[in-house]
Each structure stands twice: as structure tokens, then as C-alpha cells.
Amino acid sequence: MNLYQQLIQQKIKTITPEELVSYSHDYDIPLTVEQAKKILHIARTNKINVFDPQERKKWVKELAKITSPQTAKKANELFLKFINKKGI
């Protein structure tokens, strides 16, 4: 795992549900605090590597169950933007 991936994992461990909701609004992704709590619980109890296409696909399916398919799609697009900027 490279430094960029470690930073992402660390942020997942420390972000609050309220911060996640705030970020979601910044990126026009609808999310409630209750949904954020569920998402963070899954993210913290399962080792999820959003840089791996297969793992990200599983993660997006979980997001769709918690939120909606449209929200999960937007989140996946955001993941892809971050992944593509990892060299910056």
C-alpha cells in the first residue's frame, strides 16, 4: 500500500459521520448522517481498497444498498477522480 492509499485509509478511520455528510454535500452526493454512520461502520470493519477495481465494485454495491444506486454511482465517479489524481 502506497502513501496515498495509507492517507485514504487513515481518513476513513478518523472521519466523523457529520464530516462525511459535509463532504458529500460539497460533491453533490446526497447523504444523511444515519447513512454516513452505516457507511463508516462498513468501511471501518472491512478492509476496503477503493484502488482495486473488484473491491471498489463490491463497495459500490454496498453503498447502493445503504443509499441508492444513483448515490453509489456518484460516489464511484468521485472515487475514480481521486484515484486518477493519485500521482498529483
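Hi everyone, let's start with F51, which sits in the loop between helix 3 and helix 4. Before going further: this is a predicted model, where local features need pLDDT of at least 70 and side-chain atom pairs count only at pLDDT 80 or more, while totals for chains, interfaces and linings use all residues. Residues are numbered from 1 along each chain as its sequence is written, and side-chain values use heavy atoms, with hydrogens and water left out. Helices here are DSSP runs of H or I with at least four residues, numbered from the N terminus.

So, is F51 buried or exposed? F51 has a relative accessible area of 15%, so it is buried (under 20% relative accessible area with a 1.4 Å probe, protein chains only). From F51 to P17 there are 34 residues along the chain, and their C-alpha atoms are 22 Å apart.

P17 takes us to helix 2, residues 17-26. Its axis and that of helix 3 come within 8 Å and cross at roughly 110°; axes are lines fitted to C-alpha atoms over the stretch in contact, and angles run from 0 to 180 degrees between N-to-C directions. Helix 2 is therefore roughly perpendicular to helix 3 (65 to 115 degrees). The crossing of helix 2 and helix 3 is right-handed, meaning that the near helix is turned clockwise from the far one by less than a right angle. Who makes the contact, with heavy atoms within 4.5 Å? On helix 2 we have P17, E18, L20 and V21, and on helix 3 V33, A36, K37, I39 and L40. By class, that contact has seven nonpolar, no polar and two charged residues.

Now to the other partner. Helix 1 (residues 3-14) packs against helix 3 (residues 33-45) at about 130°, with the axes 9 Å apart. I12, K13 and T14 of helix 1 meet L40, A43 and R44 of helix 3.

Last stop: S68, in the loop between helix 4 (53-66) and helix 5 (69-84). S68 counts as buried, at 19% relative accessibility. Its side chain makes a polar contact with the side chain of T71, at 3.1 Å (N or O atoms within 3.5 Å, one able to donate a hydrogen and the other to accept it).

Thanks, everyone!

Methods. Helices (H or I, at least four residues) and strands (E, at least two) are DSSP runs, numbered from the N terminus. Contact means heavy atoms within 4.5 Å. Buried means under 20% relative accessible area, exposed over 50%, partly exposed in between (1.4 Å probe, protein chains only). Angles under 35 degrees count as roughly parallel, over 145 as roughly antiparallel, 65 to 115 as roughly perpendicular and the rest as oblique. Ala, Val, Leu, Ile, Met, Phe, Trp, Tyr, Cys and Pro count as nonpolar, Asp, Glu, Lys and Arg as charged, and the others, Gly among them, as polar.
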